[in-house]
Amino acid sequence: YQNGTTNWFTEADGKSLRDVRCIAEATNGAVWFGMAGNGLACLENNHIRQWHQTNGLASDYVNCLHFDAAGTLWIGTFDSGLCRLKNGKFSVIDRAQGLPNSVIGDIEDDGHGFFWMSSHGGIIRASKAELNDCADGKITRVNYLSYGINDGLPTIECSEGLQPAGCKTPDGRLWFPTSKGLVVVNPNEVRINHLPPPMALEELLVDGELVKQRSGVSVLGSGASQNARPQTRDPILIPPGRNHFEFHYTGLSFVAPEKVNFKYRIEGLEKNWVDAGTKRVANYSFLPPGNYVFHVIACNNDGVWNDAGASLPFTLQPHFWQTLWFRALAGLLVVAVASGTVWFETRRRLHRKLERLERQHAIEQERARIAHDIHDDLGSQLTRITMLSESACSVADDPKQAAADLRQIYDTSREATKAMDEIVWAVNPKHDTLESLASYLEKYALDFLEAAGMRCRLDMPLQSPMWQLTSDARHNLFLAYKEALNNVVKHSAATEVQIRLTLAATAFELDIADNGCGFDSKKRSAKTGGNGLANMSQRLRDIGGTCEITAAPGQGTLVKFQVMRKPVPPS
């Protein structure tokens, strides 16, 4: 209303100030409006700005507005406590910050540094300095005084929603309407209770069982200094495996015992205090083993704290597997197992690599041996056949000489065929058994000695065990065996040869005995150099066996081949 003219701000003008509940004027002449459901608005130079929850306001339901001496706007809301607007920024102080009620109906300054606020939980008194510190984030909670029925109010529900919902008269008294009448507060007559409440830890229950009950434990008298240290004592020992801990404590106040508030924490577990309000029991579950001290402090009805409080040290003993020595031992065991596993795996891989290299080397040796045998046996015989063929062609006019050459070609071809059969037999892996070796030796001796006109007697096991032999072992043993039979045919003048194969647990023995003329092994070795006998011994040594020759003039010769059984590596 100005100069006899009334201006209405309506939705048609794009400016909606519906359901205005409170009005306040700033020092610069700006007029602020609080509305029920439509937030906050400011009219300045005929220009309106509005704020809602969407742009920072705590609640769209505003009950009251109050400017302090610094020009800061304080906003009381219906459902979000107290809101401060400073430098264009909103801050909220509600239940989470310590207010006992979220409905703020009126805000009055008593001139002594305190705000008095009506609410649905009685009349609240709080320090302006603490409210500003909380709004600035310097502290997390605000201390307050709350006046209710025990302080003379007819009801704790103060009226709100329409201005004025309270006022300050020139005599300094504060007036607040309630649903049951008008109440008046004289801040000048308020007496502060500066006596901190004495405290006591009453009992400790562990898993529902009373551990210690001692009235007066850590009690500090009413005259105790707030900075005094709590009494110390030996810690209570609690057996391992306990889960639920319940601490009962109290603060003594005859003025307003229902307004004594508590905070507690467990040193060794928590850094910050837990605000328990008026609750006189603290519960904890599943504490880890360790040394702890339970601390509790309290304040009286005027917010004066007993900072010394009360304390109770206790020790939750660990199970043996929770002890430091057990964990250290377990850690060492884990390290040892891991190290052993790594060492074993490294060693296993190295062994596998060495086995592969050994197999590769054995294959290379076998290939070299085969090439050597083909070159020495088949190569020389094929060369001889070539030469005899050329000779036969050159004497085609001489039937006798041609026939002789063809006969030699035939004999050489048969020898080459036998040599090829021996090579194929030696390299074929299906013959890498003792049974196959015995069969081949038996067949070779019968064919060879029958062609030489000698009787052959065989003493072989009816059924040989399925011992695995390497191709190299079979080949060297066969060549030594062949050398021994050649010696019998060429030098012994024997009529009978006996061949015996005997088996032991870890070895087998092959004996070749004849009834020939025999010889003096020492004289013969010195005379001939002993190449044939030395070759047999060397071949047996190459496969880890032994060769023993027993001979005497006129008593025949006995050759013993002993071969140790060895595991065959997988191919």
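Trp-321 is found in the loop between strand E24 (305–316) and helix H2 (324–394). Helices and strands here are DSSP runs, numbered from the N terminus (helices: H or I, at least four residues; strands: E, at least two). The model is predicted, so local features need pLDDT of at least 70 and side-chain atom pairs count only at pLDDT 80 or more, while totals for chains, interfaces and linings use all residues. Residues are numbered from 1 along each chain as its sequence is written, and side-chain values use heavy atoms, with hydrogens and water left out.

Trp-321 counts as partly exposed, because its relative accessibility is 45%. The classes are buried (under 20% relative accessible area), exposed (over 50%) and partly exposed (in between), with a 1.4 Å probe and protein chains only. Trp-321 also belongs to a nonpolar surface patch, together with Phe-320, Trp-325 and Leu-329. The area of this patch is about 500 Å². Patch members have over 30% relative accessible area and no salt bridge; like charges are joined within 9 Å, and nonpolar side chains (Val, Leu, Ile, Met, Phe, Trp, Tyr) within 5 Å. Areas come from the Shrake-Rupley method with a 1.4 Å probe, and for residues only the protein chains shown count as cover.

Glu-345 and Arg-348 form a salt bridge through their side chains, at 2.5 Å from N to O. A salt bridge needs a side-chain nitrogen of Lys or Arg within 4 Å of a carboxyl oxygen of Asp or Glu. These two residues are 3 apart in helix H2, so about one helical turn separates them. Glu-345 is partly exposed, at 25% relative accessible area. Arg-348 is partly exposed as well, at 31%.

Glu-345 has another partner in Arg-349. Their side chains meet in a salt bridge of 3.1 Å, N to O. Arg-349 and Glu-345 lie 4 residues apart in helix H2, again about one helical turn. Arg-349 counts as exposed, because its relative accessibility reaches 54%.

A further salt bridge joins the side chains of Glu-496 and Arg-455, at 2.3 Å from N to O. Glu-496 sits in strand E26 (residues 496–503) and Arg-455 in strand E25 (residues 455–459), so the pair ties together parts that are 41 residues apart in sequence. Glu-496 is buried, with 15% relative accessible area.

A cavity is a set of points on a 1 Å grid over the protein atoms alone, where a 1.4 Å probe fits but cannot get out; lining residues have an atom within 4 Å of a point. Grid points are joined across faces, edges and corners, and the volume is the space filled by probe spheres set on the points.

The second largest cavity has a volume of about 30 Å³. Its lining consists of Leu-437, Leu-469, Ala-473, Arg-474, Leu-477, Phe-508, Ile-543 and Val-563. Helix H5 (residues 471–492) gives the most to this lining, with 3 residues. By class, 7 of the lining residues are nonpolar, none is polar and 1 is charged. Ala, Val, Leu, Ile, Met, Phe, Trp, Tyr, Cys and Pro count as nonpolar, Asp, Glu, Lys and Arg as charged, and the others, Gly among them, as polar.

The backbone has features of its own. Most residues other than glycine have a negative phi, and most peptide bonds are trans. The peptide bond from Gln-163 to Pro-164, however, is cis, with omega near 0 degrees. Pro-164 lies in the loop between E12 and E13. Gly-166 is placed in the loop between strand E12 (144–147) and strand E13 (167–168). Gly-166 counts as buried, because its relative accessibility is 13%. Gly-166 and Phe-176 are 10 residues apart in sequence, and their C-alpha atoms are 4.5 Å apart in space.

Asp-19 is not a glycine, yet its phi is positive, at about 55 degrees. Asp-19 belongs to the segment before strand E1 (20–25). It is partly exposed, with a relative accessible area of 38%. Asn-87, also not a glycine, has a positive phi of about 55 degrees. Asn-87 is located in the loop between strand E7 (82–86) and strand E8 (89–93). At 77% relative accessible area, Asn-87 is exposed.

Terms used:
1 Å grid on protein atoms, 1.4 Å probe; cavity = no way out; pocket = protein on both sides within 12 Å on 5 of 7 lines; lining within 4 Å.
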